[in-house]
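Dear colleague,

I am handing over a structure to you with this email, and below it you will find what was found in it. Please keep the picture open while you read.

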Amino acid sequence: MAFETITVETSDDVCLITLNRPDALNALNSTLLKELANALEEADASDKVRCIVLTGSEKAFAAGADISEMSDKGFVEMYSEQYFAKGSERICGISKPIIAAVSGYCLGGGCELAMMCDFIIASDTAKFGQPEINLGVIAGIGGTQRLTRLVGKSKSMEMHLTGRFMDAEEAERSGLASRVVPAKKLKEEAMATAHKIATKSLLATRAVKQAVNRAEEVSLSEGVLFERALFYGLFASDDQKEGMAAFLEKREPQFRDR
């Protein structure tokens, strides 16, 4: 499938998707979000893909949503089109793990996109922010909700109200990024992490994603019950038998996703 705003490469069970609107610092528009959702769904359905890496350029993961596309729209258009809603919902519906590899500007819709991924590996040049307040609006693709869950109310409120940026060190310290690596090693580290995940049972990695995401939606007791059901369910799989046998036999497991 040919794309205008992204590039897609697959090798050794990992799909690398790169946002590719360099003249706009990878700003999100309707075309990009639709193409990204299509590519992610294709990777999710592919037997050749076990983990996904989403990245941008060294200068910008994505500097925000495309203001030129939105500026002349009114309420009726935005509401009727459900602007960005369908694309973001499709992205959040992907069952395979997605790593956001973030360098440079990761602002507004870009920050929201990174937070839709399962975790963020940031380069030491990364800058995160939700500066929509400077445009007379607020975040509209989950920014107020996801950032608050990741960094807490006080820091999220300050960032949304002032529009200030968070650097990579603060992002890691606050729980927004899982870790920080040198910019020149970002792709290498993200791909190495993805390849490591790709060696695991896909049944188990999907279950992890479901269980951890559930923690944001329900009480602790309900989340534990959900986790337990997935845990017990995996004992019906061949991969559980293989994984435990390999551990006892002191060898590497050979998972077959069944």
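Helices, as the word is used here, are DSSP runs of H or I with at least four residues, numbered from the N terminus. Please keep in mind that this is a predicted model.

Let us begin with helix H7, which spans residues 153-162 and in which Ser156, Met159 and His160 are buried. These three cover an arc of only 95° around the axis, which puts them on the same side of H7. An α-helix has 3.6 residues a turn, so residues three or four places apart point the same way. Among the elements that cover the buried residues of H7 are strand S8 (127-129), helix H6 (143-151) and strand S9 (166-167), whereas the face turned away from the buried side carries the exposed residues Ser154 and Leu161. After H7 comes Gly163, and the phi of this glycine is positive, near 80°.

The second topic is an open sheet of 6 strands, in which the pairing is mixed and the order is S1-S2-S3-S5-S7-S10. Strand S1 (6-11) and strand S10 (179-181) stand at its edges with a single partner strand each, so one side of each is left without a neighbour in the sheet. On average, and with direction ignored, neighbouring strands of this sheet are turned by 20° against each other. Within the sheet, strand S5 (residues 98-102) and strand S7 (residues 119-123) run parallel and are joined by 4 bridges, and Val102 has Ala122 in S7 as its bridge partner.

Finally, helix H9 (residues 186-198) lies across S1, S2, S3, S5, S7 and S10, and runs at about 155° to S7.

Technical notes
Residues are numbered from 1 along each chain as its sequence is written. This is a predicted model: local features need pLDDT of at least 70, side-chain atom pairs count only at pLDDT 80 or more; totals for chains, interfaces and linings use all residues. Side-chain values use heavy atoms; hydrogens and water are left out. Buried means under 20% relative accessible area, exposed over 50%, partly exposed in between (1.4 Å probe, protein chains only). Helices (H or I, at least four residues) and strands (E, at least two) are DSSP runs, numbered from the N terminus. The arc is that of the directions from the helix axis to the C-beta atoms. Contact means heavy atoms within 4.5 Å. Two strands pair if DSSP finds at least two bridges between them. Axes are lines fitted to C-alpha atoms, for helices over the stretch in contact, and angles run from 0 to 180 degrees between N-to-C directions.
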